[in-house]
Amino acid sequence: MSGTDPVAPDFIAGYGPLPADFNAWVQAPFTFLTSKVVFRAQMQGGTSLSAGSTQVYWDTILEDPYGGWSSGAGTWTCPAGCSGWYEVTMSAWSANPGITTDVIESILYLNGSIYSEMSASWGVDGHATGTSGSVPVSLYGGQDAISGWIYSTASVSTPTTNGQYPTFEVIWLAA
Amino acid sequence: MDNWQGHLTTSSSYYCQVPGWYLCQGTTPFAYTGTTQYCFAAGFKATTGGVSVPAVRGQLLLMGSGKNPVPQACDLIEQTVTGPPGGTGDGIYMTGLQTSGGTLNSSATGSKVPYMSVRWVCAISGTATLGVPANAAWPVPPSYVTALELNTGIRDTIRFLTYPPVCKAYYTAGSATIPNQVFPAGTVVPLNTILVDNYNGFVTGGSGGFSAPVAGVYCLYAQVNYASSSATSTAYSAGLSVNGAAIQWGDSTFKFAADSTGGGAVVRKRIRLAYNDFVQFYAQQSSGGALALNTSVGNQTRFIAVWESA
């Protein structure tokens, strides 16, 4: 899929529009607003978490119509021409930390630097534990790359049970 | 960002510039790293239709484990009266709660600062039950543009994008309880009151949930806030299930000690739903016995769904 931030058309007096003009003036902008830039991913196969912050290299891409995901870098790059405000939603999960002083956080990195600790909760001692958070972020198309990280006090792995996968979603909100 | 210039810094309020339903999100991280458990919450207070509405909180986050708590809040708030910042129009502002018994500062770490996001998502009224726009290509000769193309390609698309499916349902004080369960088992939260449901997708009750009126990616948020409990070493979890499949958990958070305010959990996801997919909000708690939902108006248990994309 491709598209760019909509631009309001100019209707020039005396100009007789062609069908292609209506596609550019109407169809393309409305298509962008109807089918927004979206990225959704999960970590299903499990990954080791260090005691601290660990980047998650999502192994299951649910949808990435604009092809922004890089498995090598573990980042999603805002598509060129689609600069704007995006919202990131993330559920961070770890296996049973086995301690009563565990903290688990969902964290967003932007261009390799920490941007927001979106949520932080007290980890459960006894079973897998998780926390959900979100944050809006301004991204420049073709340049800005974001990634999801998990903070875990305990050095454990992420769960491999359906329903406890770490998840990461991104959606375009506005130009 | 404040593209419609509704924010007033002196009162930290966002004033309504366009009538509609606003999806409000935010957090109030506190500069607290102690090991004693306290309750932390963010919330929103609003003036709606010229009437002041009491603050309604997000999750009651019980925290005390050596790192700053980051309580979550998300709400769908109606705004109808427009006006300049500082005027008499409707407005929204954030609130914070902490029960340490003393003064606490908000976190000042760059990656963990309080923030509020207020975003228009739907008009107050419109043409409901439209399908997702197809945005077909315009006809080429010998075909020509008719009222059909203009209505479907422009009128109906604008109607849908300005009035997409939105829903908020919540629990009004009653006698509902969530049973003691071992994670990952959960119980459908019996929401009994609908605030807005423009496409008539929500069914209340103990088997209730939200049927997607059109296909697409939905922003889904739900929070459960329990009554206070003397139980210790307890998990509170919140999740969503689509068509009875495995519950997709958001939070599973720990309660270490007795509390006097209540505690809760949230789930926040963007999920692609097909037409009529049935989403149910599940909660879990392991206090050792059945636990009542919090009955305070300000400590609401609720579910929100907003269509965002085809």
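Tutor: Rings of Phe, Tyr and Trp form a pair if their centres lie within 6.5 Å. The model discussed here is predicted.

Student: Is the pair of A:Tyr109 and A:Trp149 stacked or edge-to-face?

Tutor: Planes under 30 degrees apart count as stacked, and those over 60 as edge-to-face. The ring centres of A:Tyr109 and A:Trp149 are 3.9 Å apart. Their planes meet at 15°, so the pair is stacked.

Student: How many residues apart in sequence are the parts that A:Tyr109 and A:Trp149 tie together?

Tutor: Both A:Tyr109 and A:Trp149 are buried. A:Tyr109 belongs to strand S7 (residues 103-110) of chain A, whereas A:Trp149 belongs to strand S10 (residues 145-152) of chain A. The pair therefore ties together parts whose separation in sequence is 40 residues.

Student: Is A:Ser116 buried or exposed?

Tutor: A:Ser116 is part of strand S8 (residues 113-122) of chain A. A residue under 20% relative accessible area counts as buried. The relative accessible area of A:Ser116 is 9%, so this residue is buried.

Student: Which residue of chain B does A:Ser116 touch?

Tutor: Residues up to four places away in sequence are not counted here. Within chain A, A:Ser116 touches A:Ser106, A:Ile107, A:Leu108 and A:Val135. In chain B, A:Ser116 touches B:Ser111.

Student: What is the radius of gyration of chain B, and what would a compact globule have?

Tutor: Chain B contains 1 helix and 22 strands, and the C-alpha trace spans about 75 × 50 × 35 Å along its principal axes. With 310 residues, a compact globule would have a radius of gyration near 19 Å. The value for chain B agrees with this, at 21 Å.

Student: What percentage of the contacts in chain B with a separation of 6 or more comes from residues 24 or more positions apart?

Tutor: Of the 310 residues of chain B, 55% count as buried. For contacts, the count takes those with a separation of 6 or more. Residues 24 or more positions apart account for 78%.

Student: How far apart are the centres of the positive and negative side chains of chain B?

Tutor: Chain B carries 14 positive and 11 negative side chains.

Student: Where is B:Pro184, and is the peptide bond from B:Phe183 cis or trans?

Tutor: Most peptide bonds are trans. B:Pro184 lies in the loop between strand S11 (177-178) and strand S12 (187-188) of chain B. With omega near 15°, the bond from B:Phe183 to B:Pro184 is cis.

Student: Is B:Gln5 buried or exposed?

Tutor: B:Gln5 is in the segment before strand S1 (7-8) of chain B. Its phi is positive, about 55°, although B:Gln5 is not a glycine. A residue over 50% relative accessible area counts as exposed. B:Gln5 has 60% relative accessibility, so its class is exposed.

Student: What is the phi of B:Asn276?

Tutor: Most residues other than glycine have a negative phi. B:Asn276 sits in the loop between strand S19 (263-273) and strand S20 (278-285) of chain B, and counts as partly exposed at 45% relative accessibility. B:Asn276 is not a glycine, yet its phi is positive, near 75°.

Note on methods
Residues numbered from 1 in each chain as written. Chains lettered and ligands numbered in written order. Predicted model: local features only at pLDDT ≥ 70, side-chain atom pairs only at ≥ 80, totals over all residues. Heavy atoms only, no water. Helix = DSSP H or I, 4+ residues; strand = E, 2+ residues; numbered from the N terminus. Rg over C-alpha atoms; globule rule 2.2 N^0.38 Å. Buried < 20%, exposed > 50% of the residue type's maximum accessible area, 1.4 Å probe, protein only. Contact = heavy atoms within 4.5 Å. Lys, Arg positive; Asp, Glu negative; His and termini not counted. Charge placed at Lys NZ, Arg CZ, Asp CG, Glu CD. Phe/Tyr/Trp six-rings, centres within 6.5 Å; stacked < 30°, edge-to-face > 60°.
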